[in-house]
Amino acid sequence: ITKNAGATFSECAGDLIAAKRSGWRNAKHAAQWHSTLEPYAYPAIGDKWPADVSLADVKAILLPLWATKTETATRLRQRIEAVLDYAAVHSDDQNRSNPARWKGVLDKVLPPPRKVTKKTHHPAAPYADVPGIMAALREKDCMSALNLRFTILTGARSGESRGALWAEIDMTGRIWAIPANRMKADKPHRVPLCDEAIAILTTMQQWRQDGCALVFPGARGGLLSDVAVSKTLHAIAPDVTVQGFRSSFRE
């Protein structure tokens with residue numbers, strides 16, 4: 001997109017988000033793009049023609065964030081790069097180097113993100129504490145407790161288990177087959193189901209409402225809230241997160 005086309009950086013970003021929207025699994029992605037670009041990129045380069053965005057512009061946007069909000073800055077850089085690439089393929093300026101590209105451009109002027117931010121881990125229950133937590137959960141006859149037990153037993157992420165569908169469950173083969181579009185790694189995943197997991201699913205079959213595709217439905221048949229599951233856990237183990245059980249599982 002060139003000056004003659006009359007499309008500014010912010011306009012190109014809007015076009016790119018609209019083009020990508022149908023391919024995103026989660027509707028929140030569009031909002032995340034907007035919430036990153038609007039406060040940080042648009043004030044500086046939103047009204048510029050993409051071909052006029054320079055390395056100095058990109059550095060001025062990223063440098064104040066790079067050390068203190070590294071994850072935000074990294075996503076912001078990726079999105080600026082994507083918008084400029086999108087603009088380039090719609091113009092006659094495809095040979096111009098993208099000033100927001102990491103390899104060969106910004107890696108020469110900014111430290112790698114992993115060097116400026118510490119990796120944080122979700123607080124996990126020590127392996128020895130898990131049996132006690134499971135015993136306490138078995139005393140709770142509610143949807144969130146059943147879902148949490150299933151999550152712990154399968155080593156799944158909370159979103160994967162809360163979104164589990166009956167179509168994914170093979171009770172006879174004792175396998176939970178999660179399709180790629182529901183996995184963070186975008187690859188299909190097969191989970192073996194132990195006796196207790198099967199028992200939980202049997203209970204859920206008895207509770208199943210006609211026409212409900214979800215194994216662990218929340219209120220009114222919708223997705224079970226992650227807040228509800230976390231509250232159930234924190235009533236037993238206040239300093240532990242649901243995600244942390246993946247570490248406990250590995251141990």
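Okay, let's start with E81: leaving aside residues up to four places away in sequence, E81 touches N98, A100 and R101, where a contact means heavy atoms within 4.5 Å. E81 is found in helix α5, helices being DSSP runs of H or I with at least four residues, strands runs of E with at least two, both numbered from the N terminus. With a relative accessible area of 16%, E81 is buried; that word means under 20%, exposed means over 50%, and partly exposed is in between, using a 1.4 Å probe and protein chains only.

Quick background: this is a predicted model, so local features need pLDDT of at least 70 and side-chain atom pairs 80 or more, while totals for chains, interfaces and linings use all residues. Residues are numbered from 1 along each chain as its sequence is written, and side-chain values use heavy atoms, with hydrogens and water left out.

Now, the aromatics. How many aromatic pairs does a search of the whole structure find? Four. To pair, rings of Phe, Tyr and Trp (its six-membered ring) need centres within 6.5 Å; planes under 30 degrees apart are stacked, over 60 edge-to-face, and the rest tilted.

Take W66 and W102: their ring centres are 5.7 Å apart and the planes sit at 20°, so they're stacked. W66 is in helix α4 and W102 in the loop between α5 and α6, so the pair ties together parts 36 residues apart in sequence. W66 is buried at 3%, whereas W102 is partly exposed at 21%.

Then there's F150 and W176, with centres 5.2 Å apart and planes at 50°, so that pair is tilted. Both F150 and W176 are buried, and together with F216 they form one aromatic cluster.
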